[in-house]
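Biologist: Could you walk me through how to read packing and surface features in a model like this one? I would like the general idea and then the case at hand.

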Amino acid sequence: MDVVAVLFWVVWDAEKAALEVKDYQAAISWSAQTALRDIIGRMMLADILVGCSAIDEELQHIIDERTTPWEIG
């Protein structure tokens with residue numbers, strides 16, 4: 001299965017984003033990829049095919065939890 005994803009984010013506090021993590025762009029990307037693999041790994045194929053909105057919501061929640069301390073969302 002191939003998965004194509006697009007990720008958008010906003011830096012709320014550039015200073016904090018730069019100081020809290022070495023390379024925030026790479027950190028966000030790796031965090032999103034890890035979260036997506038985890039979500040897909042727990043789902044049945046049929047659920048993945050019809051449950052895009054559920055995946056979107058769970059992925060958004062996980063990424064927000066991981067990036068909010070860096071003032072990125």
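Biologist: Leaving aside its neighbours within four places in sequence, which residues is Leu 36 in contact with?

Modeller: First, a caution: this is a predicted model, where local features need pLDDT of at least 70, side-chain atom pairs count only at pLDDT 80 or more, and totals for chains, interfaces and linings use all residues. Residues are numbered from 1 along each chain as its sequence is written, and side-chain values use heavy atoms, without hydrogens and water. Contact means heavy atoms within 4.5 Å. Beyond those sequence neighbours, Leu 36 touches Val 3, Ala 5, Ile 55 and Leu 59.

Biologist: Which residues make up the largest nonpolar core?

Modeller: Such a core is a set of buried (under 20% relative accessible area, 1.4 Å probe, protein chains only) Ala, Val, Leu, Ile, Met, Phe, Trp, Tyr and Cys residues joined through side-chain atoms within 4.5 Å. Here the largest has 10 residues: Ala 32, Ala 35, Leu 36, Ile 39, Ile 40, Ile 48, Ile 55, Leu 59, Ile 62 and Ile 63. H2 gives the most, with five residues.

Biologist: Is Thr 67 buried or exposed?

Modeller: Thr 67, in helix H4, is buried, because its relative accessible area is 2%. Leaving aside neighbours within four places in sequence, Thr 67 is in contact with Ile 28, Ile 72 and Gly 73.

Biologist: And is Val 50 buried or exposed?

Modeller: Val 50 sits in helix H3 (residues 45–50) and counts as exposed (over 50%), because its relative accessibility is 73%.

Terms used. Helix = DSSP H or I, 4+ residues; strand = E, 2+ residues; numbered from the N terminus.
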